[in-house]
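Visitor: I'd like to learn how to read a model like this one. Could you walk me through it?

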Amino acid sequence: RELLDREQRNARKEKSLEADESAPLGEKPAGGGAGRFKSGQVGYEISAEELASLVKEIEAESKRDNTIYLLDMLTAILASEKSPAILSRLFGLWETVLDSLITQGKWTALDSVLGLLHVTAEVRPDLGDDQKKQLTAILDSLARPERMKMIEICLNKTHNAPTEGLPAVLLSLTPAAVPVLCTLLANLEAPAHQAIVAEALETLAKDQPDPLLRGLSDRRPRYVKNLLTILLKWNNPRFVDAIEKLVRYPDIQVRKEVVRAIGIYRPNGNGVKLVAFLNDTEESVRSTALKLLMTGQYQAPYAAWSPLVSADTFIARPHSEKRAVFFAMRATSGDEVIPFFESLLTEWSWTNRKKKEELATLAAETLGKLPSPAALTALELGQKKGGAAVRQACASALALAQRQQQLKQVAS
C-alpha cells in the first residue's frame with residue numbers, strides 16, 4: 001500500500017509539471033494538475049475476495065508478538081550468517097536480548113533463547129574460536145550478580161506476575177550459580193517466587209551445600225526457614241550440627257523448625273540438645289521438644305534436667321507442661337530421677353503448699369505409669385510420709401502400676 005501510494009504521488013507530480021510547462025504564459029493552472037489524474041495508476045488488480053484475504057493477513061501481522069518475531073529473525077541470522085564480524089556483532093546483540101527478556105519477565109522466551117544458545121555450537125560447528133568464547137560467555141552471564149539482581153527486581157515489582165518458564169531458566173544454571181541463587185532467595189518477597197528458587201537450589205546445591213549452611217546465620221527468618229526446608233528434603237544427618245546452632249534464633253517458627261529437624265535427623269540417642277529447648281520463651285517450641293523427649297527414644301541424664309526443675313520459675317509453668325516434663329524426665333533418665341521424685345513425695349512445705357502438692361501428685365502419676373521396683377518403693381514411701389493429697393495420689397499410682405503388671409502377666 002505504501003509503495004503504491006508513493007508511485008501515485010510521483011506520477012501526479014510529474015503530470016502536473018508537464019502540464020505547467022506546456023501551458024501558454026498566463027494560462028498555467030493555479031491548483032496544479034493533480035485533480036485530473038485521480039484515477040492514478042494500478043499496481044495490481046485484485047478481486048474483492050483477495051482484498052478481504054489481504055486485510056485478514058494485515059490484521060494478523062499487526063497482532064503478532066513482536067518479541068517472538070524479532071527472535072525468529074535473529075535465529076535465522078544465527079543459523080545462516082557466514083561473516084565472522086557480523087556473527088560477533090550478533091552475539092553482542094544476544095546479550096541485550098537476555099537483559100530485555102529478564103526486565104520484561106518473559107521467562108518462556110528467555111528459556112527458548114537459552115536453549116537455542118546451548119545448541120548453537122552443535123548447529124554451527126563452523127564457528128570460530130572467538131565466536132565460541134562469546135557464546136560461552138553469554139551462557140555463563142546469566143549467573144552474574146547483576147543479572148540475578150535484574151531477576152530479583154522484576155519479580156519483586158509484581159508479586160502475581162506469571163512465572164511460567166522461570167523454573168526451567170533457573171535449572172539451566174550450573175552449580176557455580178548456587179551463591180547468587182542464595183542471594184536471590186534471600187531478597188525475594190513473594191512466597192511463590194521463593195519456592196521456585198528454593199526448588200532450583202534443592203537440585204543445584206545438593207553437592208555443594210556450604211552456601212546454604214552459611215546462610216543459616218542470616219537474620220531474615222523467611223530466608224532461614226527456606227534453607228531449613230531444603231536441608232530437610234536432602235535428609236542428610238551431617239547437617240544437624242549446623243542446624244542445632246539455631247537453638248536461640250530470634251524467630252519462633254525457625255526454632256520450631258530446628259526442633260523438627262533434630263527429630264528427623266536424630267530420632268533417638270542423646271537428648272540433651274532437646275532439653276535445652278525447654279528453656280525457650282515460647283511455649284509451643286517447648287511443647288514440640290517435649291513431644292520428642294517423651295517418646296522414650298532419647299537419653300538425657302538427670303543433671304541436664306536439674307537446672308530446669310529446680311528453678312523457682314518451674315512451679316509457675318502450666319500444669320500440662322509440668323506433667324510432660326516429668327514424663328520426659330522419666331523416659332530419658334530412667335531410675336536416675338527417682339530421688340528427685342521421692343523428695344517431692346515426702347516434702348512437707350508451708351509455702352506454696354498447693355503448687356508443691358501439685359508437683360508431688362504429678363510425680364506420683366509419673367512413677368505409676370512408668371513403674372519399676374525403685375519407683376514402687378518411692379510410691380510406698382510417699383504413701384506413708386506424704387500429706388493427705390500426696391498419700392492419695394501415691395495410692396492411685398500404686399493401683400495403676402499393679403493393674404499394668406497384671407495385664408502384662410496375662411498377655412505373657
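Guide: We'll go from overall shape to one helix, then cysteines and aromatic rings. This is a predicted model, where local features need pLDDT of at least 70, side-chain atom pairs count only at pLDDT 80 or more, and totals for chains, interfaces and linings use all residues. Residues are numbered from 1 along each chain as its sequence is written, and side-chain values use heavy atoms, leaving out hydrogens and water.

Visitor: What does the radius of gyration say about the protein?

Guide: Start with the elements: helices (H or I, at least four residues) and strands (E, at least two) are DSSP runs, numbered from the N terminus. The protein has 22 helices and 2 strands. Its radius of gyration, taken over C-alpha atoms, is set against a globule rule of 2.2 Å times the number of residues to the power 0.38. Here the value is 40 Å, well over the 22 Å that the rule gives for 412 residues, so the protein is more spread out than a compact globule. The C-alpha atoms fill a box of roughly 145 × 50 × 45 Å along the principal axes.

Visitor: And how much of the protein is buried?

Guide: Buried means under 20% relative accessible area, exposed over 50%, and partly exposed in between (1.4 Å probe, protein chains only). Of the 412 residues, 38% count as buried.

Visitor: Why is helix α9 described as largely enclosed?

Guide: In α9 (residues 178-187), 7 of the 10 residues are buried, so the rest of the structure largely encloses this helix. Those buried are V178, V180, L181, C182, L184, L185 and A186. Contact means heavy atoms within 4.5 Å, and what covers the buried residues of α9 includes α7 (145-157), α8 (166-171), α10 (191-204), α11 (210-215) and α12 (221-234).

Visitor: C182 is in that set. How many disulfides are there in the whole structure?

Guide: You'd look for a pair of cysteine sulfur atoms within 2.5 Å. The search finds 0 disulfides. C182 is buried at 4% relative accessibility, and C154 is buried at 9%.

Visitor: What about aromatic pairs: how many are there?

Guide: Rings of Phe, Tyr and Trp (its six-membered ring) pair if their centres lie within 6.5 Å; planes under 30 degrees apart are stacked, over 60 edge-to-face, and the rest tilted. That rule gives 6 pairs. One of them, F326 with F340, is edge-to-face, at 6.1 Å centre to centre and 80° between the planes. F326 sits in α18 (residues 319-333) and F340 in α19 (residues 338-346), so the pair ties together parts 14 residues apart in sequence. F326 is buried at 1%, as is F340 at 12%.
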